[in-house]
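Dear colleague,

I am passing a structure on to you, and I would be glad if you could look through it with the notes below at hand. The sequence and the coordinates come first.

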Amino acid sequence: MWELKEYRIAGSIGEAVAMMRRGPGKGVYIAGGTDLFLFPPACDYVVDINHVGMSNIARTPDGDLFIGAAATLHDIATCPLVTGFAGGLVSAAAAHCGNRPVRTTATIGGNLCNALPSADLAPALLALDAVCYIADEDSQESLPLEEFFTGPRRTVLDGRLLVGIALSAASGGWRAAARRLTRSAEDIALVQVAVALEIDGDRVGAARIALGSVAPVPMRAMLAEALVEGELIANLDPDRLADAAAIAAGECEPIDDHRASAEYRREMVGVLTRRLLASVLAGSTDTSPGTDNEGGAA
Amino acid sequence: MKIVVKLNGRNREWEAAPGATLLSVLRDGPQEPRMTSVKRGCETGDCGACTVLLDGQPVNSCVVAAARAHGHAVTTIEGLAGDPLMTALQAALVEHAAVQCGYCSPGMLVSLYHLLKECRAAGTTPGDHAIREALSGNLCRCTGYVKPVAAATAVAATLAAVGRAEAGAR
Ligand SMILES: Cc1cc2nc3c(=O)[nH]c(=O)nc-3n(C[C@H](O)[C@H](O)[C@H](O)COP(=O)(O)OP(=O)(O)OC[C@H]3O[C@@H](n4cnc5c(N)ncnc54)[C@H](O)[C@@H]3O)c2cc1C
Ligand code: FES
Ligand code: FES
């Protein structure tokens, strides 16, 4: 039983932050609670943020996608605005999380704020240049998602509230694909790779390669991206893709644990990055992560 | 804290600890009657024995705060007794020998009820994949999944036939 003194239900974003700052003692925000009830932190009160108007999903006039932090994984998995964005990369990642009843209450904000290296939404969002909107009592901030995570289970928030995430519509549109290796379908990922390329005629515009479960935080392989970004597609032959993949493998910092060795994880970052780059360049937008176990990737 | 819910269609007031899960309040009380169809299994959101409907959507009540239900509707098997779709699903599980110890059955029935209701509203018939997906959060240690899937498939086929007959009659 989670020993809480108080369950506070906020009615607005401002009220949520004020309730958090008010004390006495220590508080945490609660959205779906699917992470919190598994490992209840020692605290005095929770602030429920399910009724503050942060569950919205919207396309802006310039085509960007905004997802409120309290939007549920089920909504993200099924909302046409998300399934129709970047080949459905984000909705596929959400559809894969947990099981149907978990997705009813689990939120995107909880997935990111819990800040596990293996958070399943993180690679897809990082690959699409996600920007986080954060609210404090009397200030607002936005910052790129890659600056949001500061370590395993640690973020920049410090009592502030994640309000939502915006994904930029690349001018030529994103083409994207992702893969997630696991021991079994419901286990935490061993390696996650998401690739998004902006195709601009015969060139690659922006190139994004995002990795999960292979470093203290979800990360981008920026050196590998640089090898692909701005290139003529004709120049991106298999050797060049193999080079980019090898660089990505060098950029990650995996650990050994009971699921897999660091060496295996690093190797798989290379394999998946190479295959995903090739399949995205070939025009495939396969975003069905997680259905493959080891060896069956891309 | 005081929690006001619509439980199985009736307004209720619960007195619950701020850190209580929906599962503990439904199953353990203190308020009567206790909803003992809601089973306690893993308490980690994995097994689905505690599945109930929150505003018509399936949730694992062991990882949902009781307070989350404040102002919302909670439905358990008790509230669906006599509902024609639920009755058909229960009969099909029995007919297909999909119930051994039965500990997983209420959770499976809630998941399947939700799926078939959603499909009926959308005018679709769930295929094998959709049925398996709907049951992916319900673990069964005795029977396995082939028989529950067969039972759900049979009910889905009946519903589709009824739908066609109704469309023909119009
Ligand atoms: C059975 C099961 C299977 C799961 N499978 C997966 C899986 O496959 N992949 C995966 O990635 N995860 C999985 N999870 C973990 C979890 O469901 C997800 O991480 C989920 O998205 C968490 O969201 P939540 O709203 O439930 O978070 P909560 O538990 O409500 O919160 C998690 C943390 O984030 C903080 N927080 C939440 N929202 C905000 C906000 N807006 N601003 C600031 N802080 C906030 C909370 O204070 C807390 O510290 C699983 C969980 C279960 C129980
Ligand atoms: S008891 Fe809730 S999912 Fe197992
Ligand atoms: S019948 Fe015993 S767990 Fe399913």
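What follows is an account of the ligand site, the nonpolar cores, some backbone features and a few single residues.

This is a predicted model, in which local features need pLDDT of at least 70 and side-chain atom pairs count only at pLDDT 80 or more, while totals for chains, interfaces and linings use all residues. Residues are numbered from 1 along each chain as its sequence is written, chains are lettered from A and ligands numbered from 1 in the order in which they are written, and side-chain values use heavy atoms, with hydrogens and water left out.

**The ligand site**

Ligand 1 lies between chains A and B, and of the 34 residues around it, A:Tyr29, A:Gly32, A:Thr34, A:Thr107 and A:Asp120 come nearest (a residue is near a molecule or strand if one of its heavy atoms lies within 4 Å of it). A nitrogen atom of ligand 1 is 2.6 Å from an N or O atom in the side chain of A:Asp120, an oxygen atom of the ligand is 2.8 Å from a polar backbone atom of A:Ala31, and a polar side-chain atom of A:Asn111 lies 2.9 Å from an oxygen atom of ligand 1. Taken alone, ligand 1 exposes 980 Å², of which the protein buries 89% (accessible areas come from the Shrake-Rupley method with a 1.4 Å probe, and for residues only the protein chains shown count as cover).

In chain A, strand S2 (27-30), helix H6 (108-113) and strand S10 (161-167) each supply at least two residues of the shell around ligand 1, and H6(A) gives the most, with four residues; helices (H or I, at least four residues) and strands (E, at least two) are DSSP runs numbered from the N terminus. The shell residues divide into 18 nonpolar, eleven polar and five charged, where Ala, Val, Leu, Ile, Met, Phe, Trp, Tyr, Cys and Pro count as nonpolar, Asp, Glu, Lys and Arg as charged, and the others, Gly among them, as polar.

**The nonpolar cores**

The largest nonpolar core has 66 residues, and A:Leu112 and A:Leu125 are those with the most contacts inside it; such a core is a set of buried Ala, Val, Leu, Ile, Met, Phe, Trp, Tyr and Cys residues joined through side-chain atoms within 4.5 Å. Leaving aside neighbours within four places in sequence, A:Leu125 is in contact (heavy atoms within 4.5 Å) with residues including A:Val90, A:Ile108, A:Leu112 and A:Ile165. A second, separate core of 33 residues includes A:Cys43, B:Val38, B:Val64 and B:Ala66.

**Backbone features**

Most residues other than glycine have a negative phi, and most peptide bonds are trans. A cis peptide bond joins B:Gly29 and B:Pro30, with omega about 20°, and the peptide bond from B:Glu32 to B:Pro33 is also cis, with omega near -5°. B:Pro30 is in the loop between helix H1 (22-28) and strand S3 (51-54) of chain B, and B:Pro33 is found in the loop between H1 and S3 of that chain.

A:Ala86, in the loop between helix H3 (80-83) and helix H4 (89-96) of chain A, has a positive phi near 50°, and at 9% relative accessibility it counts as buried (buried means under 20% relative accessible area, exposed over 50%, and partly exposed in between, with a 1.4 Å probe and protein chains only). A:Ala115, in the loop between H6 and helix H7 (122-127) of chain A, has a positive phi of about 55° and is buried at 1%.

**Single residues**

A:Glu141 is in strand S7 (residues 140-144) of chain A and is partly exposed, with a relative accessible area of 34%. Its side chain makes a polar contact with the side chain of A:Arg160, at 2.6 Å.

B:Ser111, in helix H4 (residues 105-122) of chain B, is buried at 4% and, not counting residues up to four places away in sequence, touches B:Thr51, B:Ala134, B:Leu135 and B:Asn138.

With kind regards

Terms used. A polar contact is a pair of N or O atoms within 3.5 Å; within protein, one must be able to donate a hydrogen and the other to accept it, and residues adjacent in sequence count only if both atoms are side-chain atoms.
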